[in-house]
Every structure is written in structure tokens, then in C-alpha cells.
Amino acid sequence: MSHPDGFTRREILTLAAGVSAAFTFGPVVAQTTPSTEAGGKTMQTRAIPSSNEPLPIVGLGTYRGFDVAPTDPAYKQLPAVLRALFEKGGTVIDSSPMYGRAEENTGELLSIHEPRSPAFLATKVWTRGREEGIAQIEQSFKRLQTDRIDLMQIHNLLDWQIHLPTLRHLKEQGRIRYIGITHYTASAYDEVEAVLKAEPLDFLQINYALDDRGVEKRILPLCRERGVAVICNRPFGGGGLLGRFQGKPLPGWASQVGVKSWPQLALKFLLSHTAVTCVIPGTGNPRYMTENAGAGFGPMLTDAQRHQLIALVE
């Protein structure tokens with residue numbers, strides 16, 4: 001489809017992505033192996049229990065950060081965000097129909113260059129009714145510009161009994177690879193636990209942060225028992241967690257675990273739990289994406305180090 005000025009939609013997107021050299025990720029999308037940090041170490045992976053497929057442990061959430069118009073100056077940073085993710089060896093990109101333009105922007109930016117990036121695409125169904133759910137899922141395929149979605153999740157368990165058969169059918173067809181459920185609040189834990197016990201699932205996406213550790217009691221042990229991969233959303237809590245540490249020095253042992261900032265330490269706290277598969281901090285800032293990805297390198301925390309961080313928060 002042509003633009004009134006004579007450009008095609010793809011040409012406009014390519015121009016937006018190439019505003020400066022910093023935003024060009026042509027060489028990155030063809031990358032098939034994770035890049036290395038100093039010392040030759042690559043981003044760690046964890047096996048998805050249902051398949052044993054390795055998954056890089058730090059990904060990208062697109063809530064808010066990717067919900068911008070192409071005419072917004074913030075849009076020009078998004079190619080560099082994806083570049084930072086892929087350069088560090090990350091692949092997981094999580095979105096949802098409820099995130100405004102996030103799905104559409106993700107699909108557009110990933111389609112600019114060929115071959116397609118190594119992204120592990122995760123999105124959600126978030127509506128009521130079987131036909132409405134099918135229509136929304138098909139819309140996600142179009143917005144993400146893909147024939148196959150790696151992970152389709154039932155967002156906040158909305159009408160999950162209706163959508164689960166649809167997701168299983170799509171998985172049998174090979175159009176989606178994994179099935180999961182999500183929630184972001186402790187008030188839903190009883191229902192989350194009941195669904196995990198009743199249904200075979202590949203993934204759970206749930207809220208978990210240094211100052212929001214309710215899932216440690218029953219949900220995470222249950223996921224380990226049931227062989228369900230865990231993606232952590234809201235890994236910085238409700239927003240006040242990092243503010244508590246502003247201006248405070250890192251623990252003396254931080255460098256021993258490859259940590260250079262409080263955001264990295266907050267993420268590594270979550271990743272040090274053996275039931276956690278991946279964290280997806282959201283951002284539309286390439287510098288933050290690079291910093292967040294750094295949590296995927298180096299040793300994990302010991303129990304003593306985890307308890308020290310808990311004490312600092314409490």
C-alpha cells in the first residue's frame with residue numbers, strides 16, 4: 001500500500017528504523033548464536049520443561065514501551081531496543097492485544113529485514129467468547145506478521161475454559177508452539193493454582209519481584225512439580241522498588257555475580273530461583289534493554305545473597 005508521498009509502508013518503516021546508524025539492525029537479525037560478553041560467556045538459557053528447548057533467560061516486555069505511534073520520536077528508539085536484545089543473545093519478546101500498538105510495532109520492525117530475527121514471539125488472547133478469541137488470535141498473527149507464534153497465553157485467565165481448546169487446536173496444527181496462562185496480581189493466585197493443577201500447560205507468566213514474592217510459597221513449587229516454565233512479569237514490582245535503592249551502593253559481592261546496577265541485581269534475584277525460566281522487563285529504551293540483558297550473564301545468587309537482598313527491602 002502506497003503512502004500519499006509515494007513511499008510504501010515498508011519503505012517508511014525502513015526509513016524510521018534507519019534514522020541513525022545506531023538504529024540499524026540488519027546484521028543482528030541474521031544472527032543465529034548469542035553474542036558474548038567479556039570473558040567469552042553467553043547469556044544463560046534454561047530448558048522449557050515440556051520440550052527441553054533452551055530459552056534465553058532475559059527477554060523483553062512490550063507493555064507501554066512499544067505502544068507508540070510511528071510518528072512519535074520514541075518509535076525511533078525501538079529498532080535499537082530489539083538490536084540490544086538480540087546482540088546480548090536474548091530472543092523472548094512478549095506482547096498482548098491489550099498493549100495498544102505494541103504487537104503491530106513489533107511485527108513491523110521485525111519484518112523490515114530478511115531473514116527474520118531469532119525472536120521467540122509470545123502474545124496473548126484477551127477477550128470473551130470462542131469466536132471473539134479466534135478472531136483476536138488471527139489478528140495477532142497479522143499484526144506480528146508471522147505464520148507461527150511461539151507462545152500463546154490466556155491473558156489474566158479471561159474466559160480460559162473457552163480459549164484453551166482453541167489454543168490446543170492451534171498447537172496441533174503447528175501454528176503455535178506453546179500454550180500458557182498469565183496473571184499479574186496475588187488476588188488471582190488461588191485460581192492460577194487451580195488451573196495449573198487441572199490442565200497441562202507449557203508456561204505460566206506471573207508477577208514476581210524482590211518486593212513481591214508471594215509466588216514463592218505455592219505457585220513456583222507447583223510449576224516445578226508440574227513441569228511448567230515460568231516467565232516473570234513486573235520484575236521491578238509496582239515501580240517503587242528501584243527507587244528504594246537510588247543512591248545506595250551495591251553489595252560488596254555484586255561484582256562477583258557480574259552485576260553492575262540495581263536493576264540487574266533485582267532481575268538476577270528472580271533468576272536465581274530455580275523455578276524461573278525467563279524475566280521480561282519492559283522498556284522502549286535501548287540503554288535499559290542492554291542493562292537488563294546483563295542480568296543473564298555470570299553466576300546466580302547464593303541463598304545467603306538472596307536473603308541479604310530481602311532484608312534490605314524489608
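Angles under 35 degrees between two axes count as roughly parallel, and those from 65 to 115 as roughly perpendicular. The structure shown is a predicted model.

**Exercise 1. Describe how helix H3 and helix H11 pack against each other.**

Step 1. Two packed helices are described by the angle between their axes and the distance between the axes.

Step 2. Helix H3 covers residues 78–87 and helix H11 covers residues 286–293; their axes come within 8 Å and cross at roughly 15°.

Step 3. This angle falls under 35 degrees, and H3 and H11 are therefore roughly parallel to each other.

Step 4. The crossing of H3 with H11 is right-handed.

Step 5. On the H3 side, the contact is formed by Ala80, Val81, Ala84 and Leu85; on the H11 side, by Pro286, Met289 and Thr290. Sorted by class, this contact holds 6 nonpolar residues, 1 polar residue and no charged residues.

**Exercise 2. Describe how helix H5 and helix H6 pack, and state which residues meet.**

Step 1. The axes of H5 (residues 130–144) and H6 (residues 160–173) lie 9 Å apart, at an angle of about 45°. H5 is therefore oblique to H6.

Step 2. H5 and H6 form a right-handed crossing.

Step 3. Arg130, Gly133, Ile134 and Ile137 of H5 meet Ile162, His163, Thr166, Leu167 and Leu170 of H6. The contact comprises 5 nonpolar, 3 polar and 1 charged residues.

**Exercise 3. Is Ile137 buried or exposed, and which residues does Ile137 touch, leaving aside those up to four places away in sequence?**

Step 1. Ile137 belongs to helix H5.

Step 2. Buried means under 20% relative accessible area. Ile137 has 1% relative accessibility and therefore counts as buried.

Step 3. Beyond four places in sequence, Ile137 touches Val125, Met152, Thr166, Leu167 and Leu170.

Step 4. Thr166 lies 29 residues from Ile137 along the chain, and the C-alpha atoms of these two residues are separated by 9.7 Å.

**Exercise 4. How many residues of helix H10 are buried, and against which elements do they pack?**

Step 1. Helix H10 (residues 262–271) is mostly covered, with 10 of its 10 residues buried. Among them are Trp262, Gln264, Lys268 and Phe269.

Step 2. The buried residues of H10 pack against strands S1 (45–47), S9 (229–233) and S10 (278–279), and against helices H9 (241–245), H11 and H12 (303–313).

Step 3. At the start of H10, the backbone nitrogen of Gln264 has a side-chain oxygen of Ser261 within 3.3 Å.

Key:
Residues numbered from 1 in each chain as written. Predicted model: local features only at pLDDT ≥ 70, side-chain atom pairs only at ≥ 80, totals over all residues. Heavy atoms only, no water. Axes fitted to C-alpha atoms, helices over the stretch in contact; angles between N-to-C directions. Helix = DSSP H or I, 4+ residues; strand = E, 2+ residues; numbered from the N terminus. Parallel < 35°, antiparallel > 145°, perpendicular 65-115°, else oblique. Left-handed = near helix turned anticlockwise from the far one by under 90°. Contact = heavy atoms within 4.5 Å. Nonpolar A, V, L, I, M, F, W, Y, C, P; charged D, E, K, R; others polar. Buried < 20%, exposed > 50% of the residue type's maximum accessible area, 1.4 Å probe, protein only. Polar contact = N/O pair within 3.5 Å; in protein donor to acceptor, adjacent residues only side chain to side chain.
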